[in-house]
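Colleague: I would like to learn how to read a structure step by step. Could you take me through one, giving the general idea before each case?

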Amino acid sequence: FAVSGGYADLGELNARGEGQTIDLEASADEDVFGEFTDTIEAKGWVAWGHGLLPFAGGQAQAYVSIGLFRWDQDVSFEDEFGPFNASASGTDPAFGIGLNWFVGPSRNVSLQAGWHRFLNVGDLGKTGHENDIDFFSGSFVYHFGAN
């Protein structure tokens, strides 16, 4: 078992296109189409608990992670009716799997590769976006107290 924490910047999504928009002056049964741009950013703090399974004579570990992600989301949307900017924050679960490969006999240093999914990032009512986000990572890790 292990615990870890850190800051995760899940990146930025930029979309541009043409689609249905909202015209507050149009009648309810009138579809309005136009060009739009949309930018979504998500980042925040995460705390993990990890279950570890050693293999390859202890030279490697597979792990399963379960955690909580305290996210902040910023959205900037613009269409022919003007700009829309919104922010939301919340705390939701996250999970993942990965592999540690120890470098050297001390087991204090490892190379790590992992996949994690952050659930329910965003607030559909406030920002218009709520998604599960997949995050792939490669890391250089120092293990405190390893022997």
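Colleague: How many helices and strands are there in the chain?

Modeller: Before counting, please note that this is a predicted model, in which local features need pLDDT of at least 70 and side-chain atom pairs count only at pLDDT 80 or more, while totals for chains, interfaces and linings use all residues. Residues are numbered from 1 along each chain as its sequence is written, and side-chain values use heavy atoms, with hydrogens and water left out. Helices (H or I, at least four residues) and strands (E, at least two) are DSSP runs, numbered from the N terminus. Here the chain has 1 helix and 6 strands, and along the sequence they follow the pattern β-β-β-β-β-α-β.

Colleague: Which way do β3 and β4 run, and how many bridges join them?

Modeller: Two strands count as paired if DSSP finds at least two bridges between them. In this model β3 and β4 run antiparallel and are joined by 20 bridges, and they form a hairpin with 2 residues between them. Within this pairing, Trp71 stands opposite Gly90 in β4.

Colleague: How many bridges join β4 to β5, and how many join β5 to β6?

Modeller: There are 9 bridges between β4 and β5, which run antiparallel; Ile97 has Trp115 in β5 as its bridge partner, and Asn100 stands opposite Gln112 in β5. The hairpin of β4 and β5 has 6 residues between the strands, and in it Gly104 takes a positive phi near 85°. For β5 and β6, which also run antiparallel, the count is 13 bridges, with Ser137 in β6 as the bridge partner of Gly114.

Colleague: What share of the residues in the chain is buried?

Modeller: Burial is read from relative accessible area, where buried means under 20%, exposed over 50% and partly exposed in between (1.4 Å probe, protein chains only). By that reading, buried residues make up 31% of the 147 residues in the chain.

Colleague: Which residues form the largest nonpolar core?

Modeller: A nonpolar core is a set of buried Ala, Val, Leu, Ile, Met, Phe, Trp, Tyr and Cys residues joined through side-chain atoms within 4.5 Å. The largest one here has 11 residues, namely Ala8, Leu10, Ala42, Val46, Trp48, Phe69, Trp71, Ala88, Ala94, Phe118 and Val121. At least two residues of this core come from each of β1 (2-21), β2 (32-55), β3 (60-79), β4 (82-102) and β5 (109-123), and β2 gives the most, with 3 residues.

Colleague: Leaving aside its neighbours within four places in sequence, which residues is Ala42 in contact with?

Modeller: Contact means heavy atoms within 4.5 Å. With those sequence neighbours left aside, Ala42 is in contact with Asp9, Leu10, Gly11, Asp72, Gln73, Val121 and Ile133. For the chain, among contacts between residues at least 6 apart in sequence, 59% join residues at least 24 apart.

Colleague: How many aromatic pairs does the count come to?

Modeller: Rings of Phe, Tyr and Trp (its six-membered ring) pair if their centres lie within 6.5 Å, and planes under 30 degrees apart count as stacked, over 60 as edge-to-face and the rest as tilted. The count comes to 7 aromatic pairs. One of them is the stacked pair of Phe36 and Phe77, at 5.8 Å centre to centre and 20° between the planes; because Phe36 lies in strand β2 and Phe77 in strand β3, the pair ties together parts that are 41 residues apart in sequence. Phe77 counts as partly exposed, at 23% relative accessibility.

Colleague: What geometry do Trp48 and Phe118 have as an aromatic pair?

Modeller: Trp48 and Phe118 are edge-to-face, at 5.9 Å centre to centre and 65° between the planes. Since Trp48 is in strand β2 and Phe118 in strand β5, this pair ties together parts that are 70 residues apart in sequence. Trp48 is buried at 12% relative accessible area, and Phe118 is buried at 2%. Trp48, Phe69, Phe118 and Phe135 form one aromatic cluster.

Colleague: Which side chains meet in salt bridges?

Modeller: Side chains of opposite charge can pair when their charged atoms come close. A salt bridge is a side-chain nitrogen of Lys or Arg within 4 Å of a carboxyl oxygen of Asp or Glu, and the count here comes to 2. Lys43 and Glu41 meet in one (4.0 Å, N to O), and Arg117 and Asp134 meet in a salt bridge as well (2.7 Å, N to O). Arg117 lies in strand β5 and Asp134 in strand β6 (residues 129-142), so their pair ties together parts that are 17 residues apart in sequence.
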